[in-house]
Amino acid sequence: MGKLQSKISFRTAKYRADGSLEEMGPTHAVQQHGPVHTDTVTSVAALQPDLCVSGGRDKSVAVCSWRSGAVLRQFIGHEREVTKVTSALDSNRVFSASRDKTVMMWELHGTSGPSQHFPGHELVVTGLAVSPDASQLCTGSRDNTVRKWDIETGECLGRAAISRNLVTHLCWVPGEPYFIQTSEDKTIRLWDSRELQVAHTFPAKRHIQTWCDASPDGRYCLSSSGGSAGEGGEATLWDLRQTRSRVREYKGHFQTTTSCVFLPRGPALAPSIATSSCDSTVKVWDQDTGACLATLCLEGSGPLASLAVCNSSTLLCASCNSGIHVLRMSDSADLALEEVAVF
């Protein structure tokens, strides 16, 4: 695993902001490393500047260098597919959720087994969020519940159930006691972690909400929508602090948008976001205008599962058929998005 194979691959498609196909430039090599997982990669998250953590249908959790594709640690403990992974900020701890109804914590420099278990959910666990001080973990499940845990002891500190609230994703709002949750009931909820109560419910969308992300300054959140045949599949920007209403939509994917992330502001880039989709494309959008700045089609990858931001120019994308893709964004005014490696 992680061995560089020096195989040549080619960028499959690039689109202008208006959606028209751009003339193909010279082909370029895509570094192809040995696959980290033996099956579909279901989730990927940034861990440290050069590291990432991923989970897969092969039941494993892997910590890798995204620059070299080298596998540093591989953890085996779940009995079924890993659904989500995340990490504590500036920490050596990673967390994984699974279809086996469990959540586990792993130490990057510890033993090969989990250092903590968080049992209690009755169905597949689909959401993980770690508090900014890394003391608490919040989880969500298809059992309609959200739970809060003490990371050190594994004790469940609270449980909240809402009818039909089939959780799809959780994320913490930076610097705040709040976390955001998306659901198959088409709503986005803002939770106060202190009392584990819903602080605000945003207006329901037309389709299942699949993912959420909070801006680094805590002012906005993103959610992404299910869709098919060009219907739905949008990402939505929401105001968290003032109006707590919808600000803008980003439309262009032809199938479910599986992930949405805020991008760090580069030297020459306006505030921007990125989305991935079951249509095998990753898109970068101008956050303020809603214009699509770049589209990259990862041909043969199948549905794309999740995105992770490494730095202002690098994204990771987990795919069903072809592992984890390393994508590079240019800092020029005419944004370009290209694949540079896969592992």
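Phe 202 is buried, at 2% relative accessibility; buried stands for under 20% relative accessible area, exposed for over 50% and partly exposed for anything in between, using a 1.4 Å probe and protein chains only. Before we go on, a quick word about what you're looking at: this is a predicted model, where local features need pLDDT of at least 70, side-chain atom pairs count only at pLDDT 80 or more, and totals for chains, interfaces and linings use all residues. Residues are numbered from 1 along each chain as its sequence is written, and side-chain values use heavy atoms, with hydrogens and water left out.

Back to Phe 202. Which residue does Phe 202 form an aromatic pair with? The partner is Trp 238, with 5.1 Å centre to centre and 50° between the planes, which makes a tilted pair. In general, rings of Phe, Tyr and Trp (its six-membered ring) pair if their centres lie within 6.5 Å; planes under 30 degrees apart count as stacked, over 60 as edge-to-face and the rest as tilted. Trp 238 is buried too, with a relative accessible area of 1%. Now find both on the chain: Phe 202 lies in the loop between strand S18 (197–201) and strand S19 (209–214), while Trp 238 is in strand S23 (residues 235–239), so the pair ties together parts that are 36 residues apart in sequence. (Helices, H or I with at least four residues, and strands, E with at least two, are DSSP runs numbered from the N terminus.)

That loop between S18 and S19 also holds Lys 205. Is Lys 205 buried or exposed? Its relative accessible area is 9%, so Lys 205 counts as buried. Lys 205 forms a salt bridge with Glu 234, with the closest N and O atoms 3.1 Å apart; a salt bridge is a side-chain nitrogen of Lys or Arg within 4 Å of a carboxyl oxygen of Asp or Glu. Glu 234 lies in the loop between strand S22 (231–232) and S23, so this pair ties together parts that are 29 residues apart in sequence. Both Lys 205 and Glu 234 are buried. Salt bridges that share partners go on to join Lys 205, Glu 234, Arg 246, Glu 249 and Lys 251 into one network.

Lys 205 has another link: its side chain and that of Thr 236 are joined by a polar contact of 2.9 Å. A polar contact is a pair of N or O atoms within 3.5 Å; within protein, one must be able to donate a hydrogen and the other to accept it, and residues adjacent in sequence count only if both atoms are side-chain atoms. Not counting residues up to four places away in sequence, Lys 205 touches several others, including Ser 225 and Trp 238, where contact means heavy atoms within 4.5 Å.

Zooming out, the whole structure has 14 salt bridges and 7 aromatic pairs. One of those pairs is Trp 172 with Phe 179, whose ring centres are 5.7 Å apart with planes at 40°, so the pair is tilted. Trp 172 is buried at 12% relative accessibility, and Phe 179 is buried at 0%. Elsewhere, Phe 95, Phe 118 and Trp 149 form one aromatic cluster.

Next, look at Arg 194. Its charged end sits over the ring of Tyr 178, 5.9 Å from the ring's centre; the test is NZ of Lys or CZ of Arg within 6 Å of the ring centre and within 35 degrees of the ring normal. Arg 194 also forms a salt bridge with Asp 192, the closest N and O atoms being 2.8 Å apart. Asp 192 is buried, with a relative accessible area of 14%.

Arg 73, in strand S6 (residues 71–76), tells another story. Arg 73 is buried yet has no salt bridge, and the nearest side chain of opposite charge, Glu 107, is 8.7 Å away. (Lys and Arg count as positive and Asp and Glu as negative; His and the chain ends are not counted.) What does the side chain of Arg 73 reach? It reaches the backbone oxygen of Leu 108 at 2.8 Å, and that of Thr 111 at 3.1 Å.

Last stop: Ser 280, in the loop between strand S26 (272–277) and strand S27 (281–286). Ser 280 is buried, with a relative accessible area of 13%, and its side chain reaches the backbone oxygen of Gly 302 at 3.0 Å.

Definitions and conventions
Lys, Arg positive; Asp, Glu negative; His and termini not counted.
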